[in-house]
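Please open the structure in your viewer and keep the selection tool at hand. The stops below go from one selection to the next.

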Amino acid sequence: MAAAKFPITWPKHHVHVRNELGGGKQLLVHCKSADNDLQVHYLATGGELSWHFKAEVLIAHTLFWCYLAPDGGHHASFDAWTEDIGRRYEVKHNSLYWIARDDGVHLNKNVFWMHWKQGRRNERRKEELLIDRNMLLSK
């Protein structure tokens with residue numbers, strides 16, 4: 001008797017980044033994984049960036065990280081989705097909600113994740129340095 005074939009389906013995971021900053025502040029958001037750069041977005045108060053994906057459980061470990069900046073002098077950089085974070089914090093429909101507030105970054109409304117850090121990283125300069133480093137290594 002032939003073994004039954006069951007299709008393997010991996011659930012879709014959803015990640016949301018929401019601006020709940022006071023004073024009408026815009027939020028700079030740049031999220032990416034090793035394979036997907038979601039580009040830089042500027043969210044108005046109440047605005048949201050969201051995306052979904054299927055985690056590559058058997059092949060590799062999926063990781064999305066985000067850089068947020070609420071103003072010219074503060075930022076936060078963190079892993080927005082890993083298998084561990086997904087297992088611990090995903091809510092209804094495999095979703096994670098990252099919320100930028102005046103005191104820092106929150107997860108799913110009730111988990112305080114981190115305070116804003118002083119300073120702001122220059123994304124363009126960082127990319128230029130990586131290109132220079134890669135060119136040197138290829139020689």
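Are Phe 78 and Trp 98 buried or exposed? Select both: Phe 78 is buried, and Trp 98 is buried as well. Bear in mind that this is a predicted model.

**Stop 1**

Now centre on Leu 27 and show what surrounds it. Setting aside neighbours within four places in sequence, the contacts of Leu 27 include Val 17, Leu 21, Leu 43, Leu 68, Ala 100 and Trp 116. Arg 18, Asn 19 and His 41 are also among the residues in contact with Leu 27.

**Stop 2: the aromatic pairs**

The structure holds six aromatic pairs; two of them are visited here. Select Trp 51 and Phe 64. Their ring centres are 5.4 Å apart and their planes stand at 50°, so this pair is tilted. Because Trp 51 lies in strand S4 and Phe 64 in strand S5, the pair ties together parts that are 13 residues apart in sequence. Trp 51 has 10% relative accessibility and counts as buried, because the cut-off for buried is under 20%. Phe 64, at 3%, also counts as buried.

Go back to Phe 78 and Trp 98. The centres of these rings are 4.7 Å apart with the planes at 45°, so this pair is tilted too. Phe 78 sits in strand S6 and Trp 98 in strand S7, 20 residues apart, and the pair thus links distant parts of the chain.

To see a cluster, select Trp 51, Phe 53, Phe 64 and Trp 81, which together form one aromatic cluster.

**Stop 3: a buried charge**

Where is Glu 90? Look in the loop between helix H1 (83-89) and S7. Glu 90 is buried yet has no salt bridge. The nearest side chain of opposite charge belongs to Arg 87, 9.2 Å away.

Which side chain has a polar contact with that of Glu 90? Select His 13: a polar contact of 2.6 Å joins the two side chains.

How values were computed:
Residues numbered from 1 in each chain as written. Predicted model: local features only at pLDDT ≥ 70, side-chain atom pairs only at ≥ 80, totals over all residues. Heavy atoms only, no water. Contact = heavy atoms within 4.5 Å. Phe/Tyr/Trp six-rings, centres within 6.5 Å; stacked < 30°, edge-to-face > 60°. Helix = DSSP H or I, 4+ residues; strand = E, 2+ residues; numbered from the N terminus. Buried < 20%, exposed > 50% of the residue type's maximum accessible area, 1.4 Å probe, protein only. Lys, Arg positive; Asp, Glu negative; His and termini not counted. Salt bridge = Lys/Arg side-chain N within 4 Å of Asp/Glu carboxyl O. Polar contact = N/O pair within 3.5 Å; in protein donor to acceptor, adjacent residues only side chain to side chain.
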